[in-house]
Amino acid sequence: MKVTFLGAQHEVTGSCTLLEAGGEYGLVDMGMEQGRDYYVNQELSVMPGAISFVLLTHAHVDHSGRLPLLYKNGFDGPIYATEETCNLARIMLLDCAHIQESDAEYENKKNKRAGRPLVEPLFDTKDAETAIEHLRPVPYGELLQISDCYSVRFSDVAHLLGSACIEVWLKEGDTEKKMVFSGDVGNINQPIIRNVPMTVAEADYVMVESTYGDRLHDRSHAPISVLAEYIQKTLDRGGNVIIPSFAVGRTQEMLYFIREIKEKGMVTGHDGFPVYVDSPMANEATAIYQQCDTGCLDDETRAMVEQGINPIWFDGLRMTLSSEDSKALNAEPTPKVIISASGMCDSGRIRHHLKHNLWRAESTVLFVGYQSEGTLGRKLYDGAETVKLFGEEIEVHAEIGLLPGKSGHADRDGLMNWLRGFEKAPKMIFVNHGEDSVTDSFAEYIMQNLGWNAFAPFSGTVFDLAEGCFVEAPEGIPIVKKSTQRSQGGSEAAELYTKLCAAGDSIARLIRESRGYSNKELRSLTKELENIFKRYR
C-alpha cells in the first residue's frame, strides 16, 4: 500500500500522484506543467495500461492537462470527478489538444525550412476526445466504492466550480488507511461559488497544497473597489484595461464584479463602457457557469438566479469568437476592458493584446491571479522594462496592476484553517503544489503551529502507507538551464542532440505500434534495443 509523489513537488504546477493498494493502481490528477520547470519530474513507475482509474480534483490544466496523454499511451480506465468538473474538463482538454497540435504545426514549419526532423504533438484531439468519453461524474458527499481496494468521497473545497478535496480509503488485506488530497484549497468569500472550503474530520495521511503557504492575502481593500478604480482611471486616460485571466473561474469572477460595478455606477463618465471576453474557452466556460446546478453556488448568487438575474451578464458585454474579431479589437479606438486568456500570459490571444497595449502609457495590464515563476506574467509583474512578443521587443509603459486578495487559492491562514478541520493529528502531512522554498517553509510552519509531522517530498518519493515509512526519499534533481552561447561545435552538437531526441521519439512510437507483432518480431526488437542500451549506457 504505497503512494508515489510525481508532479507539483517543490513546484506549483503539474499535479500527479500514484496510488497502489492490493496490486491495483490509481492516479490523483494528471496535470500539465506551466511556467519554468525547476526539478525533473519522475515518470510513472507503471505502464499507463496498468492503472485502473484517475481521480480528478478539478478542471484546471495544471491538474487535468495530461489526461489525454494517458489514453494515448494505453490507459483505458474511468476518470472520476464532480459533474461540474467533468463539464469544464471537456472544454479544457480539447483546448489543450488544440494547443499541442498548433505548437507542433508551428515547430514543423521551422523544422522543414531548417532540414530538421519533424515533431509530433504530445497528444491530439482524438486523445482528448477519448479522455472525455471516460469522464464519470460523482456527486459531492457520496461515498463511492470503485473497487475492492478503493473507496472515495468528493467534498467542495471552494476553489473553482466543481473543485474538490478527495478522501481516499485504501484497503489491502485486513489493512485500511485513509489519505485526503486537498486539491487546490479555495480562498474565502469568492463570488459565485461556495464561500468557505469544506473540511474533513479525520485522515491517516493528508496531501495539502501550498501555493500561498508563505503569505497572507491583502484584504485591506475590497477587490471590486480596486477594479473600479483601475477601470475609471484607465478609461479616463483613453486607454484599455487588459486583464490576463484564467478562462475558467477567474474570468467569470471578473464578470460578476463588473456587473456589480455597472449596476452601482462605480465608474462614471463612461456609460455602457464595452467589456470583451476574448477567449473561446472562457466563453464556453461562462455558459457552463450559467447552467450549473445552483447547489454549487453561494447563497447570494443562488438568490440572484432564483430571481431571474444573470450574475455574470450585463449591458456592454461582448464575446469575441473568431481570431479576426480578436484582432479587430486592437484596431478599434474606443477605450475598453479586454479579458483574455491565458492568465499567466504564456499563450493565447492575451499576447496579441499585450503587444498592442504594453507600450501605451494610457493603458493598464491588471493581473487578477497567481503568476508562476518563469512566465511572461511574472516578468511583467516583477517590473520588466521590455519583453519580447512574436519576435519583437516591446517597451513596457503601461501601468501594471494587481487586484489585491483576488486569488482562487487560500493563503497561509486559509490553509491552516482547512487543516484544523481534522479533529486529531494525521500521521503525516505531505506538502505539495508550491514554489521550492514555500513547500519547505509551510511544512515547517505546520510542525511549529500544529505540532504535526509534515514533509515536502520531491518527485519520485515513495511512502508506504501501511507501515508509515518512506520507501524512497530522493533529493530533487534540478533542471539545468541550457546555455545560450553557440559556438560552431556547440551548434553542431545541439543539432545532433535534436536528431537523437527525434530518433528516440520514433523508437517510442515504434514500440507503441508493435502490439500485434509476432513473438519472433517482438523478441528481435527487444534484443536490438537492449544491445543499444548496453552499448551506450
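**Salt bridges, core and surface**

Author: Let us begin with a charged pair: the side chains of Asp382 and Arg378 meet in a salt bridge, at 3.4 Å from N to O. Please keep in mind that this is a predicted model.

Reader: What is the general idea behind such a pair, and with which other residue does Arg378 meet in a salt bridge?

Author: Side chains of opposite charge can pair when their charged atoms come close. Here Arg378 also meets Glu373 in a salt bridge, with 4.0 Å from N to O.

Reader: How many salt bridges does the structure hold, and which parts does the pair of Glu399 and Lys233 tie together?

Author: The structure holds 19 salt bridges. In one of them, Glu399 pairs with Lys233, and the closest N and O atoms are 2.9 Å apart. Glu399 lies in strand S19 and Lys233 in helix H5, so this pair ties together parts that are 166 residues apart in sequence. Glu399 is partly exposed, with a relative accessible area of 22%, and Lys233 is also partly exposed, with 35%.

Reader: How should I read helix H5 itself, and which elements do its buried residues pack against?

Author: One may begin with its length. H5 covers residues 223-237 and reaches 21 Å from its first C-alpha to its last, close to the 21 Å expected at 1.5 Å a residue. Its buried residues include Leu227, Tyr230, Ile231 and Gln232. The buried residues of H5 pack against strands S12, S15, S16 and S19 and against helix H6. After the helix comes Gly238, with a positive phi near 85°.

Reader: What is the general idea of a nonpolar core, and how many residues has the largest one here?

Author: In soluble globular proteins, nonpolar side chains tend to be buried together. In this model the largest nonpolar core has 76 residues, and those with the most contacts inside it are Leu88, Leu227, Ile231, Ile258 and Val337. Helix H3 (residues 83-114) contributes the largest share of this core, eight residues. Another core, of 27 residues, lies apart from it and has Ala21, Tyr205, Met428 and Leu465 among its members. Returning to Val337, its contacts beyond four places in sequence include Ile231, Ile258, Phe273 and Tyr276.

Reader: Where is His159 placed, and is it buried or exposed?

Author: His159 is placed in the loop between strands S8 and S9. His159 counts as buried because its relative accessibility is 5%. Beyond its neighbours within four places in sequence, the contacts of His159 include His58, His60, Asp184 and His409.

Reader: Which residues form a nonpolar patch on the surface?

Author: Val40, Ile477 and Ile479 form such a patch, with about 210 Å² of accessible area together. Val40 is found in the loop between strands S3 and S4, and it counts as partly exposed at 34% relative accessibility.

Conventions:
Residues numbered from 1 in each chain as written. Predicted model: local features only at pLDDT ≥ 70, side-chain atom pairs only at ≥ 80, totals over all residues. Heavy atoms only, no water. Core = buried A, V, L, I, M, F, W, Y, C linked by side-chain atoms within 4.5 Å. Buried < 20%, exposed > 50% of the residue type's maximum accessible area, 1.4 Å probe, protein only. Helix = DSSP H or I, 4+ residues; strand = E, 2+ residues; numbered from the N terminus. Contact = heavy atoms within 4.5 Å. Expected span 1.5 Å × (residues − 1). Patch = residues over 30% accessible without salt bridge, like charges linked within 9 Å, V, L, I, M, F, W, Y side chains within 5 Å. Areas by Shrake-Rupley, 256 points an atom, 1.4 Å probe, with all protein chains shown as cover.
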